[in-house]
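Subject: Structure for your review

Dear colleague,

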Amino acid sequence: MGCSKRLETAIFLGLLLSIFAESVVGRFVVEKNSLRVTSPDSIKGTRDSAIGNFGIPQYGGSMAGTVMYPKENRKGCKNFDDFGISFKSKPGALPFFVLVDRGDCFFALKVWNAQNAGAAAVLVADDVEEALITMDSPEEDHASAKYIANITIPSALIEKSFGEDLKKAISGGDMVNVNLDWREAVPHPDDRVEYELWTNSNDECGIKCDMLMEFVKDFKGAAQILEKGGYTQFTPHYITWYCPQAFTISKQCKSQCINHGRYCAPDPEQDFSSGYDGKDVVLENLRQLCVFKVANENKKPWVWWDYVTDFQIRCPMKEKKYNKECAEGVISSLGLDLKKIEKCMGDPNTDSDNPVLKEEQDAQIGKGSRGDVTILPTLVVNNRQYRGKLEKGAVLKAICAGFEETTEPSVCLSGDVETNECLDNNGGCWRDKTSNITACKDTFRGRVCECPVVNGVRFKGDGYSSCTASGPGRCKINNGGCWHETLNGITFSACIDNEEGKCTCPPGFKGDGVKSCEDIDECKEKKACQCPECSCKNTWGSYDCSCSGDLLYIRDHDTCISKRATEVKSAWAAVWVILIGLAMAGGGGYLVYKYRLRSYMDSEIRAIMAQYMPLDSQNEVPNHVSDDHA
């Protein structure tokens, strides 16, 4: 009975998938990158290649290498170590791109075996003349899942005729050098990147669901930084199918679909008799779409990432929590309007279109340069489908490649998207081994050689052969690249803090100031201490000069004078100092005496005159003489 139910489920699911395939036939677009042959001249030129849907393509950058076609294991289905074959390049040489033939095993296994043998990239030559296809990873194969997750090199499918040209050139003894270019794999029309993720809320669909959930949790932080900064515009999407008209009233259709068979999803356990139904997945997908719409209306579209990650953690199918009650708990904790979300979802039992899900079905059909969405998960950047491993660093690199150069945000220059080219021979850039300062800088577009700024000190130069510290503070970093030496606790340096950044030997030394400064022997070269009574002795960086007898050496005049004459001069100088001091004191005292005397005299005179000549401000003195004496 159990087997018959599983068979019934498989038949129904197969029917749904076949209907979906018929609706999108002819609209699948293969994402390509440019492959340019630089030598030999006989096959020089640019060809198309289809980007593999695993590994990590170098979006925004390019990679040069030498093509190698193995003499054995040419399809790459076995371990190359078993044949004693290695593709590891020697230091300073171009990396090896391994050419293998299509057939006999999964594309991903060919790339994995080549990677283990040291290959930097893999080119798979088609075995039939046909249009290029996307090399995808095998579905639901647990054995291959272990190595697919660890593939880190890029790969591409090339046409059969081009593969034959490469093989012919290699067999003829020519060195075949090619350049894989992903710089135009993602268009960059303006300073904002628009990207969308076609996803699914089902957490029990196997390897790809596990990978998708892991990616959403890892990428959440970077996505929210980009969205909050206005650098990107993100939109989530969900794939649904419709139930064939003849089956809309069947038990299977009712359990897997909503709105009378218009929007369906496969049974999570692929068993109609147990666990969750497909319609449970459709409803949660619809809820997540409405969470995004409501959050977007509130000018906070990045809240979608919070809801999806929280729902994965709090409401997993394994714990039987994948339901409406748990979802509403997550919505409430994020402060979203539950009523608005319910209104957006509408009634799943009505025999009519759901506007939100109808829009999603229309969006599945490709438009312009973007093909139909047929693979879950699918990432689309600037209307171009992403190919490669769904991993934080790889996806961030693809999104950053969508910005025009110099307009990318700081998150695009973080360690998550570094190409690590500086680890190999310092990327060919300048480096000061003493202070461990380098001009090599890893970016998502590849390494650049640019003189650095260290502790506020700017280095100037071409970044490849030289970088010199300049400006104030340059002497603090490795002494500005100038000569310096310490002896007996005294340090001499040729570094001078100025904008020119030149190295000049200090006084008492001669040399180039960079590699060496030699002590000048002033005594031997007769540059000092040349008076007849002088005796010269050279010291490091200077000299000592002494005079015979009671003579005293005067360095400024390079001469010797008598100590007695010096003492007499000193005595007379002291006398003159005393006399001048006494004169100044006497003059000061006289001025003080003269000022005080004059002040006293002025006050006395005013008092006398006040008695005989009253001032106008005083009242007239009354006359006490009687009239009888008149």
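Predicted model: local features only at pLDDT ≥ 70, side-chain atom pairs only at ≥ 80, totals over all residues.

Residues are numbered from 1 along each chain as its sequence is written, and side-chain values use heavy atoms, with hydrogens and water left out.

I begin with the sheet. Helices (H or I, at least four residues) and strands (E, at least two) are DSSP runs numbered from the N terminus, and two strands pair if DSSP finds at least two bridges between them. On that basis four strands form an open sheet of mixed pairing, in the order β9-β8-β12-β13. The edges are held by β9 (232-238) and β13 (384-385), each of which has a single partner strand, so one side of each is left without a neighbour in the sheet. Strands β8 (residues 193-199) and β12 (residues 378-381) run antiparallel and are joined by four bridges, and within this pairing W198 has T378 in β12 as its bridge partner. Helix α12 (residues 392-400) packs on the sheet, where it touches β8, β9 and β12, and its direction makes about 25° with that of β12. Helix α11 (residues 355-364) lies across β8 and β9 and runs at about 100° to β9. Contact here means heavy atoms within 4.5 Å, and the angles, which run from 0 to 180 degrees, are taken between N-to-C directions of axes fitted to C-alpha atoms, for helices over the stretch in contact.

Next come the salt bridges, each defined as a side-chain nitrogen of Lys or Arg within 4 Å of a carboxyl oxygen of Asp or Glu; a search of the whole structure finds 15 of them. One of these is between the side chains of K75 and D104 (3.3 Å, N to O). K75 lies in the loop between β3 (62-68) and β4 (96-101) and D104 in the loop between β4 and α2 (107-116), so this pair ties together parts that are 29 residues apart in sequence. For accessibility, buried means under 20% relative accessible area, exposed over 50% and partly exposed in between (1.4 Å probe, protein chains only); K75 is partly exposed at 32%, whereas D104 is exposed at 69%. R102 forms a salt bridge with D126, with the closest N and O atoms 2.9 Å apart, and D126 is buried, at 4%.

In the loop between β3 and β4 you will also find P70, which counts as buried at 4% relative accessibility. Leaving aside residues up to four places away in sequence, P70 touches F80, I85, F87, V98 and L99. The C-alpha atoms of P70 and V98 are separated by 7.6 Å, although the two residues are 28 apart along the chain.

Finally, W572, V575, W576, I578, L579, I580, L582 and M584 make a nonpolar surface patch of about 910 Å². Patches are made of residues with over 30% relative accessible area and no salt bridge, with like charges joined within 9 Å and nonpolar side chains (Val, Leu, Ile, Met, Phe, Trp, Tyr) within 5 Å; accessible areas come from the Shrake-Rupley method with a 1.4 Å probe, and for residues only the protein chains shown count as cover. I580 is found in helix α13 (residues 563-612) and is partly exposed, at 47% relative accessibility.
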